[in-house]
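Take a walk through this structure, one region at a time. Keep the sequence at hand as you read.

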Amino acid sequence: MEYTNRLQNVAVLGAAGKMGSGILLLTAVEMANLRLKPENKDKAFSLYAVDVSDQALEGLIAYVRKQVTKIAEKSIVSLRKAYEDHKNLVENGEIIDQYVDDVVAIIRPTTRMESAYDATLVFEAVNENPDLKVKLLSQIEENSSNDPWYFTNTSSVPIHSLDERIRLGGRIIGFHFYNPPAVQKLVELIPAKNTLKEVQEFAMQYAKALKKIVVPSNDIAGFIGNGHFMRDALFGIQEAERLAERKGFVRSVYAINKVTQDFLVRPMGIFQLIDYVGIDVVRYILQVMNPHFDENLHSPLLDRLYEMGVTGGQNSDGSQKNGFLKYEKGKPVAAFDPDKQDYVSFDSFKEEEDRILGELPASWSPWKKAVRSTAKDQLFSGYFSDLKKANTTGSELAFRYGRKSRNIALQLVEQGVAHNKEDVNTVLMTGFFHAYGPVNKYFE
Ligand code: CAA
């Protein structure tokens with residue numbers, strides 16, 4: 001079966017979820033683009049968006065419409081060409097509306113798993129629960145006569161374990177997008193030892209069509225992305241707990257979040273990022289990873305927050321839920337005190353904590369500016385050298401963190417998870433939108 005035929009009948013499991021909605025969007029656009037090619041005009045394309053809630057599926061279509069409109073506005077020149085035979089479409093707006101309708105027409109939202117039985121390609125983006133993944137994929141296997149290929153978005157479960165448990169004979173590959181899939185350029189590709197060659201070749205072709213940067217990872221729990229992120233997050237928690245002995249937990253969370261965002265010039269501080277991914281999700285991922293390593297990849301604090309119902313993650317409208325931090329209009333404004341089981345506003349201590357951390361050097365640039373800079377090496381060499389000289393509390397914490405992040409990256413190469421340090425840098429820069437990779441000269 002060639003590339004286009006494989007993409008005529010596709011299902012996304014968990015399509016209304018955070019990752020599933022992005023995967024569905026990108027796949028719908030690729031399928032619509034194939035559909036628009038003259039040689040495919042007689043072919044039918046169906047994309048089953050499978051999820052458990054009708055309401056969430058309605059939200060999904062609204063999300064797709066909004067995002068496809070943005071995509072169409074950016075590609076109006078090629079769309080004009082694709083629709084040149086449609087003489088009734090004159091204005092740009094008319095072409096954009098038609099394209100949005102054409103993309104949405106391919107999508108079949110459904111709460112019935114049975115719809116996935118017709119698919120030749122299945123994207124799996126359900127909860128990070130190995131048993132659930134095995135159950136759903138086995139159900140398709142038992143009822144499908146297509147020998148479908150499975151692209152799992154798991155970020156932690158070893159692919160070979162799914163292959164063996166479901167007896168797929170190599171028709172599965174780890175195809176791991178980063179959040180949000182429409183924005184992050186990375187796809188981490190994880191073939192199991194016996195993943196079929198043709199599945200791997202198709203995966204590369206599909207990733208290229210989506211204009212993604214592909215980094216291969218070995219099939220070891222957590223792969224490169226979570227191999228780094230989970231240890232980085234645990235270090236953040238450990239640092240906050242260490243500081244808490246002196247200044248209390250809430251102020252420590254504020255300080256570490258500020259250091260990891262502003263001082264390290266990252267898009268989000270570590271506690272904001274844990275909330276963005278979800279405290280519950282981070283905890284699941286750690287549970288999957290922990291048995292595979294000698295280290296203790298576990299945080300009792302995450303268990304405690306989870307048991308209190310403090311989970312982070314997103315509401316169905318995409319807005320951020322409270323977790324370690326409380327959000328107003330998407331911005332953190334308070335931190336959670338587990339003893340009081342309540343949030344404490346930053347206003348009550350921000351000024352004092354900022355003074356303790358110390359000023360950022362004049363050579364500092366905010367992440368949004370730094371990430372677009374064409375002279376990043378010069379910018380960061382100057383900034384980190386000035387930060388070191390500043391010798392403030394903020395500088396000391398930033399260097400501790402930067403060194404730890406570098407060591408985690410090198411550990412991933414030593415453990416044989418990543419093929420080389422450049423791959424770890426690419427994962428952090430294209431999956432987590434960092435402006436520089438963790439293996440660098442600034443934190444040697
Ligand atoms: N879908 C589509 N587009 C989205 C989006 C979404 N869900 N969320 C944000 N965007 C778009 C915005 O619309 C905006 O687009 P325009 O520039 O066209 O207006 C753009 O992204 C930037 O967004 P904002 O201006 O609102 O905010 P920002 O500049 O702070 O960027 C961010 C937001 C891209 C999420 C950025 O903060 C970021 O990259 N943060 C780090 C996220 C990260 O680390 N992700 C990886 C998590 S780990 C993971 O995914 C793997 C795992 O297994 C756990």
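Which element supplies the largest share of the lining of the second largest pocket? In this predicted model, that element is α2, with eight residues. Helix α2 covers residues 18–36. Other helices take part too. α3 (54–74), α4 (76–82) and α5 (92–106), like α2, each give at least two residues to the lining.

Now look at the pocket itself. The second largest pocket has a volume of about 1300 Å³. Its lining is made up of 38 residues, and the closest to the centre are V29, N33, I71, S75 and Y99. Sorted by class, the lining holds 19 nonpolar, six polar and 13 charged residues.

Next comes helix α6, which runs over residues 130–143. At the start of α6, look for N129. A side-chain oxygen of N129 comes to within 3.0 Å of the backbone nitrogen of D131.

Which residues of α6 are buried? They are K133, V134, L136, L137, S138 and I140.

Move on to S252, in helix α10 (residues 249–263). Is S252 buried or exposed? Its relative accessible area is 0%, so S252 is buried. Setting aside neighbours within four places in sequence, S252 is in contact with A240, L243, A244 and K247.

Then find M289, in helix α12 (residues 279–289). M289 counts as buried because its relative accessibility is 0%. What does M289 touch, if residues up to four places away in sequence are not counted? The list is S156, A221, G222, N226, G227, M230, R231 and L297.

The last stop is a loop. S365 sits between α14 (350–357) and α15 (367–370). Its relative accessibility is 9%, and therefore S365 counts as buried, the cut-off being under 20%. Beyond its neighbours within four places in sequence, S365 is in contact with V265, A370 and L379.

Conventions
Residues are numbered from 1 along each chain as its sequence is written. This is a predicted model: local features need pLDDT of at least 70, side-chain atom pairs count only at pLDDT 80 or more; totals for chains, interfaces and linings use all residues. Side-chain values use heavy atoms; hydrogens and water are left out. Helices (H or I, at least four residues) and strands (E, at least two) are DSSP runs, numbered from the N terminus. The expected span of a helix is 1.5 Å times one less than its number of residues. Buried means under 20% relative accessible area, exposed over 50%, partly exposed in between (1.4 Å probe, protein chains only). A polar contact is a pair of N or O atoms within 3.5 Å; within protein, one must be able to donate a hydrogen and the other to accept it, and residues adjacent in sequence count only if both atoms are side-chain atoms. On a 1 Å grid over the protein atoms alone, a cavity is a set of points where a 1.4 Å probe fits but cannot get out, and a pocket is an open set with protein on both sides within 12 Å along at least five of seven lines; lining residues have an atom within 4 Å of a point. Grid points are joined across faces, edges and corners, and a volume is the space filled by probe spheres set on the points. Ala, Val, Leu, Ile, Met, Phe, Trp, Tyr, Cys and Pro count as nonpolar, Asp, Glu, Lys and Arg as charged, and the others, Gly among them, as polar. Contact means heavy atoms within 4.5 Å.
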